[in-house]
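Subject: Structure for you to look through

Hello,

Here is the structure I promised. Please open it beside this email and follow along.

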Amino acid sequence: GPDWMWARNPRPGSWRLIGGGGLELDASPEGLGSLHIDNLLLRRETEHRYEARTVLSFGAENVREEAGLVCYAGFANWVSCCLSRREDGTPRGGEPVVRLAADRNGVREVLGQAPLGAGDGESPAAVELRIVVEGQTRRFFWRPADAAAWTEVGTVEDARFLSGEAVTVGKAHTGTLVGLY
């Protein structure tokens, strides 16, 4: 709909509408901290309390590949909940995880990682991610798409770093945005 916007122009053919109202995005070779990320689809936050969800299927091949939900003020100020691989110091990374990470004026920090599998090395085919926003508090959850219970990945108690006034590296959008990548 008209409320959605790309942060950058997407590569031609890099996204498709699929059956049942779904959207398929190609992975970008660039991350959220890049000015060249081209698969970041966002909408402006208009309420102080809301919930955002998405269901996704994604199998990261290395620790740099990720897909998920993001609260975004600019390339140096964001918090994301994504599917990726555990950051363990190797290029490939460890087992598949749901990772919560934040970038505050160019300083990236992993805030939490939850293994996707049940310890058997198998990951669910589809995963649902959820952000619950209550003022400046943002809570992040995940579950297999066919499950009822949510697992909390982590909480950002004070998300003021997502406001334009707090951005000191790069430029900020007018207001915080929420979306997927």
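A residue counts as buried when its relative accessible area is under 20%, as exposed when over 50%, and as partly exposed in between. Keep that rule at hand. Please also note that this is a predicted model.

Start with R138. At 3% relative accessibility, R138 counts as buried. Its partner is E45: the two side chains meet in a salt bridge, with 2.6 Å from N to O. E45 sits in the loop between strand 4 (41–44) and strand 5 (49–56), while R138 belongs to strand 11 (residues 137–144), so the bridge ties together parts that are 93 residues apart in sequence. Is E45 buried or exposed? It counts as buried, because its relative accessibility is 19% and the cut-off for buried is under 20%.

Next, look at R108 and E87. They form a salt bridge too, and their closest N and O atoms are 2.6 Å apart. R108 is in strand 9 (residues 107–115). E87 is in the loop between strand 7 (77–85) and strand 8 (96–104). The pair therefore ties together parts that are 21 residues apart in sequence. R108 is partly exposed, at 39% relative accessible area. E87 also counts as partly exposed, at 32%.

Now find R139 and E152. Their side chains meet in a salt bridge of 3.7 Å, N to O. R139 lies in strand 11 and E152 in strand 12 (residues 151–156), so this pair links parts that are 13 residues apart in sequence. Both residues count as partly exposed: R139 has 28% relative accessibility, and E152 has 37%.

Salt bridges with shared partners join E51, R53, E128, R130 and R143 into one network. How many salt bridges are there by this rule? The count comes to 16.

**The second largest pocket**

The lining divides into three nonpolar, eight polar and four charged residues.

**Cysteines**

How many disulfides does the structure hold? The number is zero. Take C81, which is in no disulfide. The nearest cysteine sulfur to that of C81 is in C82, 7.0 Å away. C81 is buried, with a relative accessible area of 0%. C82 is buried as well, at 1%.

**Aromatic rings**

A pair of aromatic rings is described by the distance of the centres and the angle of the planes. A search of the whole structure finds one such pair. W6 and W15 form it. Their centres are 5.8 Å apart, with 45° between the planes. That makes the pair tilted. W6 is partly exposed, with a relative accessible area of 25%. W15 is partly exposed too, at 37%.

Best wishes

Definitions and conventions
Residues are numbered from 1 along each chain as its sequence is written. This is a predicted model: local features need pLDDT of at least 70, side-chain atom pairs count only at pLDDT 80 or more; totals for chains, interfaces and linings use all residues. Side-chain values use heavy atoms; hydrogens and water are left out. Ala, Val, Leu, Ile, Met, Phe, Trp, Tyr, Cys and Pro count as nonpolar, Asp, Glu, Lys and Arg as charged, and the others, Gly among them, as polar. A disulfide is a pair of cysteine sulfur atoms within 2.5 Å. Buried means under 20% relative accessible area, exposed over 50%, partly exposed in between (1.4 Å probe, protein chains only). A salt bridge is a side-chain nitrogen of Lys or Arg within 4 Å of a carboxyl oxygen of Asp or Glu. Helices (H or I, at least four residues) and strands (E, at least two) are DSSP runs, numbered from the N terminus. Rings of Phe, Tyr and Trp (its six-membered ring) pair if their centres lie within 6.5 Å; planes under 30 degrees apart count as stacked, over 60 as edge-to-face and the rest as tilted.
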